[in-house]
Amino acid sequence: MSTQVAPRTDVAALEQVEAREDRIQRISTGVLLAVVGLLLVWAFVGTSGESRIALSDAFDAVQLPTIALPAAPTVAVCAVLALLAAAGYLSGKLSRRYANIAGAVGGVAFLLGLIVWAAAGSSAVFTLTNQLQGTLAVATPLVFGALCGALSERAGVVNIAIEGQFLTAAFAGAITGSLTQNLLAALIAAILAGVAMGALLGLFALKYFVDHVVLGVVINLLAAGLTGFLFHQLVSEDTATYNAVPIMQRIAIPGLSEIPFLGPILFNQTALAYLAILMVPFVWFLLFKTKWGLRVRAVGEHPHAADTVGINVVATKFGAVVLGGAMAGFGGAYFTIGSTGAFRPDLTVGNGFIALAALIMGRWHPVYAALMALFFGFVTQLGQTLNPLGSPIDSQFLLMLPYVATIIAVAGLVGRVRAPAADGQHFRKE
């Protein structure tokens with residue numbers, strides 16, 4: 001009597017097949033890390049002297065020590081770390097967790113190497129507190145813009161009109177602030193302008209079924225043309241009346257602002273910066289912990305299914321877009337009453353698109369998008385901090401840094417992301 005043995009299947013031995021999108025993202029990230037590592041190798045060749053990094057500025061009550069780093073060895077170590085991270089990515093043997101760690105190490109190594117190389121041999125000092133404090137300030141409108149996009153796109157309305165919402169809000173805030181010399185009135189006017197542009201986006205996208213991307217481009221052009229026309233016809237004729245905008249002052253929180261290092265960074269900011277920090281958990285709670293947020297995400301994923309259970313799809317989408325417009329209003333106010341104190345045409349210089357890139361990199365999640373906004377804020381501020389050091393990097397390239405970082409990040413680092421399933425789709429009630 002013979003016994004037939006069933007063929008043994010070893011599940012653990014089955015080879016896991018890597019998705020094509022994951023492979024492309026892994027290779028592109030590895031190549032990018034290899035490129036920055038080689039750039040650091042090139043920088044190492046001509047680097048000498050020391051780089052001084054101050055942990056306090058001259059006005060801090062508590063003076064922390066200034067760190068002196070040997071420039072060439074530090075750049076060399078950073079280059080090795082970046083190249084090791086690149087090798088790990090290109091090998092394909094790292095788990096997702098360790099790949100993320102390797103990417104973070106490579107990115108930090110590149111930034112540190114860049115700073116040390118730029119400050120090598122300079123008589124000036126790279127002040128880290130100023131860099132981080134400026135990062136939070138510069139990232140303030142980007143955080144608001146990313147939250148605006150998160151609210152709109154979670155509801156299924158593609159919003160590339162953040163730039164136009166910023167610009168209109170900045171103009172309204174400038175005019176109102178100049179006429180009233182009241183910061184609160186200027187802020188309210190900016191919010192209302194952002195809401196109006198959001199309502200315009202919602203009206204034509206949801207009622208008249210205009211393509212969302214085309215509509216966003218039109219709104220951006222409308223905002224640029226309208227504010228430019230009014231500026232030249234009205235504001236430039238009497239700048240003392242229409243372009244003398246009051247500026248928000250930094251608010252130092254008693255006690256907390258005196259904490260060494262962290263105090264000046266986190267607790268000596270403008271009201272808009274504090275508000276941006278608070279709005280991130282607020283929007284997260286609104287989207288993920290409330291019934292309204294559940295409805296917003298439902299209409300963004302499957303509007304017809306939401307409609308069958310009694311949700312007013314159009315009203316829910318419109319409400320989310322309008323609330324997003326209010327967030328954009330806060331962000332637009334930063335450009336006038338929050339920083340410059342005056343309006344000029346095209347004042348926002350593409351920050352709305354950078355906020356959109358932060359949203360995509362943050363996978364349409366308000367917290368992750370805010371973190372990406374901080375990254376872009378860091379890169380933008382880095383260009384301004386390195387310039388006074390007599391950096392060997394051309395000053396025009398330093399001004400390009402945030403836009404170059406945006407292109408690289410979106411093209412090479414985003415990887416496979418999934419927008420809300422019904423994002424950009426028109427809903428017609430059956």
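I count a contact where heavy atoms lie within 4.5 Å.

**Basis.** I am working from a predicted model, in which local features need pLDDT of at least 70, side-chain atom pairs count only at pLDDT 80 or more, and totals for chains, interfaces and linings use all residues. Residues are numbered from 1 along each chain as its sequence is written, and side-chain values use heavy atoms, with hydrogens and water left out.

**Phe 166.** I found Phe 166 in helix 5; helices are DSSP runs of H or I with at least four residues, strands are runs of E with at least two, and both are numbered from the N terminus. Phe 166 has a relative accessible area of 0%, so I noted it as buried (under 20%, with a 1.4 Å probe and protein chains only). Leaving out residues up to four places away in sequence, Phe 166 touches Pro 141, Gly 145, Ala 328, Gly 331, Gly 332, Phe 335, Thr 348, Asn 351 and Gly 352. From Phe 166 to Gly 113 I noted 53 residues in sequence and 34 Å in space, C-alpha to C-alpha.

I looked up an open sheet of three strands, with order 2-1-3 and mixed pairing; strands pair if DSSP finds at least two bridges between them. Its edge strands, each pairing on one side only, are strand 2 (66–70) and strand 3 (126–127). Strand 1 (residues 50–54) runs parallel to strand 3, joined to it by two bridges. Ile 53 of the chain stands opposite Phe 126 in strand 3.

Conventions: Buried < 20%, exposed > 50% of the residue type's maximum accessible area, 1.4 Å probe, protein only.
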